[in-house]
Amino acid sequence: MFGSEKTLRAADENDFRLIYDSVMPVLYKVVYNIVREEDAAEDICHDALIKMMEKNMEFPSINDSKYWLIRVVKNASLNYANRRTRERKAYEKALKEDVRKSESGEITVLKEETVNTVQLALEKLPIKLRIVLQLKEYGDLNYKEIGRILGITEGNVKVRVFRAREQLAKYIGETDVYMP
């Protein structure tokens with residue numbers, strides 16, 4: 001150690017107070033700029049400080065404690081923001097599903113018949129065309145990913161998807177299905 005600088009121990013009440021007073025304003029700014037919610041920003045900051053105490057962290061300087069705490073709150077903030085985005089999307093999806101549930105019985109029956117018709121038509125497709133179409137439409141994969149999975153070129157995948165859709169349209173016919 002150089003001079004009078006001593007190791008700061010998070011478990012020591014005086015050292016903790018020194019770290020808190022020195023670092024909390026910076027931590028809060030970092031977190032708030034990521035999550036944009038005051039309560040969440042405070043909670044994340046306090047959780048990081050609690051983690052520091054529970055781990056009985058020791059730092060050679062205030063700056064070292066600041067850097068460690070900023071890393072912790074940055075990661076926690078990004079996780080929080082990502083979780084909020086996922087929750088918001090799930091909520092929006094649930095609201096859309098609720099709207100669909102309020103359909104008339106006639107529309108529900110038409111949709112069920114359409115699904116059955118499409119399933120039967122899919123079963124008539126040759127396996128190599130059926131697989132690419134299922135991966136594209138139900139697996140939500142792009143052409144490159146499908147090509148990797150099946151061991152064929154991206155161009156070949158595009159051709160097969162096109163041919164599969166063409167044959168599917170022939171099997172189904174334009175007037176036999178309900179299209180909302």
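The structure is a predicted model, in which local features need pLDDT of at least 70, side-chain atom pairs count only at pLDDT 80 or more, and totals for chains, interfaces and linings use all residues. Residues are numbered from 1 along each chain as its sequence is written, and side-chain values use heavy atoms, with hydrogens and water left out.

Helix H2 spans residues 38–54 (helices are DSSP runs of H or I with at least four residues, strands are runs of E with at least two, both numbered from the N terminus). The 17 residues of H2 reach 24 Å from first to last C-alpha, close to the 24 Å expected at 1.5 Å a residue, the expected span being 1.5 Å times one less than the number of residues. Ala40, Ala41, Ile44, Cys45, Ala48, Leu49 and Met52 of H2 are buried (under 20% relative accessible area; exposed is over 50% and partly exposed in between, with a 1.4 Å probe and protein chains only).

Glu42, also in H2, is partly exposed because its relative accessibility is 36%. Together with Glu38, Asp39, Asp43 and Asp47, Glu42 forms a negative surface patch (residues with over 30% relative accessible area and no salt bridge, like charges being joined within 9 Å and nonpolar side chains, namely Val, Leu, Ile, Met, Phe, Trp and Tyr, within 5 Å; a salt bridge places a side-chain nitrogen of Lys or Arg within 4 Å of a carboxyl oxygen of Asp or Glu).

Most residues other than glycine have a negative phi. Arg36, in the loop between helix H1 (13–35) and H2, has a positive phi of about 60 degrees and is exposed at 54% relative accessibility. Just after H2, Asn56 takes a positive phi of about 55 degrees; Asn56 lies in the loop between H2 and strand S2 (58–59) and is partly exposed at 42%.

Note on methods:
Accessible areas come from the Shrake-Rupley method with a 1.4 Å probe; for residues, only the protein chains shown count as cover. Lys and Arg count as positive and Asp and Glu as negative; His and the chain ends are not counted. The place of a charge is taken as NZ of Lys, CZ of Arg, CG of Asp or CD of Glu.
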